[in-house]
Amino acid sequence: MAKRAKKRATKKTAARRTRQAPKMLKDLFLETLKDIYFAENKIIKTLPKMAKAAHSKELAAAFNKHLRETQGQVKRLDQVFKMLDKPARGKPCEAIKGITDEGAEIMKAFKNAPALDAGLLAAAQSVEHYEISRYGTLRTWAEELGMQEAARLLQETLDEEEATDHALTELATSVINLEAEEGYRAAA
Ligand SMILES: [Fe+2]
Ligand SMILES: [Fe+2]
């Protein structure tokens, strides 16, 4: 095939490919669902480690409570995948990997240190903020796609993530007080 004809053919194929699979909001919704599915499963593995590491009993209890909620959140996502007639499958999410890696670094660097809980709290809040952003977007897209039941399920999870974020903010004071006590004990 002559060079120019070949180029034309390649162009045509590319155009056909784009025409064949126009990426719609529904595709983006599915991709983002896979992203948060991966994130939630990663969080299920991480929360028990954070609860174990926490000095404050209240902080450990908050992590354990949210672990149970997160297991329910995965079940809600399973339902949304079902509504789309798609298998529930995660897609590696670099953002949550980065956030949880940072948390792991803090756990290592501040092991047994008075400031550990403050670090755990900060790491947990970064996770919640990421989730709040994702679920807010997914809920809005579900509404735009006319998927009212999916939007309701996503909103339920969003409410839990926001409540967790608030609970963690409230714990900040007791965590800092505990740090001060431990600091005094360490200095004595
Ligand atoms: Fe979650
Ligand atoms: Fe969460």
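Start with Leu120: setting aside neighbours within four places in sequence, this residue is in contact with Met50, Ala53, Ala54, Leu59 and Ile106, where contact means that the C-beta atoms, placed from the backbone, lie within 7 Å. Keep in mind that this is a predicted model, with local features needing pLDDT of at least 70, side-chain atom pairs counting only at pLDDT 80 or more, and totals for chains, interfaces and linings using all residues. Residues are numbered from 1 along each chain as its sequence is written, while chains are lettered from A and ligands numbered from 1 in the order in which they are written.

Leu120 and Leu59 also have the most contacts inside the largest nonpolar core, a set of 36 residues. Such a core consists of buried Ala, Val, Leu, Ile, Met, Phe, Trp, Tyr and Cys residues joined through C-beta atoms within 7 Å. Two or more residues each come from helix 2 (25-53), helix 3 (57-83), helix 4 (94-109), helix 5 (116-144) and helix 6 (148-187). Helices here are DSSP runs of H or I, at least four residues, numbered from the N terminus.

Now look at Gln73, in helix 3. Gln73 counts as buried because it has 25 C-beta neighbours inside 10 Å; the cut-off for buried is 20 or more other C-beta atoms within 10 Å, and for exposed 12 or fewer, with C-beta atoms placed from the backbone. Beyond four places in sequence, Gln73 is in contact with Glu40, Thr157 and Glu160. Glu161 is 88 residues from Gln73 in sequence, yet their C-alpha atoms are 9.8 Å apart.

Over in helix 6 sits Arg185, which counts as exposed because it has 9 C-beta neighbours inside 10 Å. Its C-alpha is separated by 9.8 Å from that of Pro114, 71 residues away along the chain.

Technical notes
Contact = placed C-beta atoms within 7 Å.
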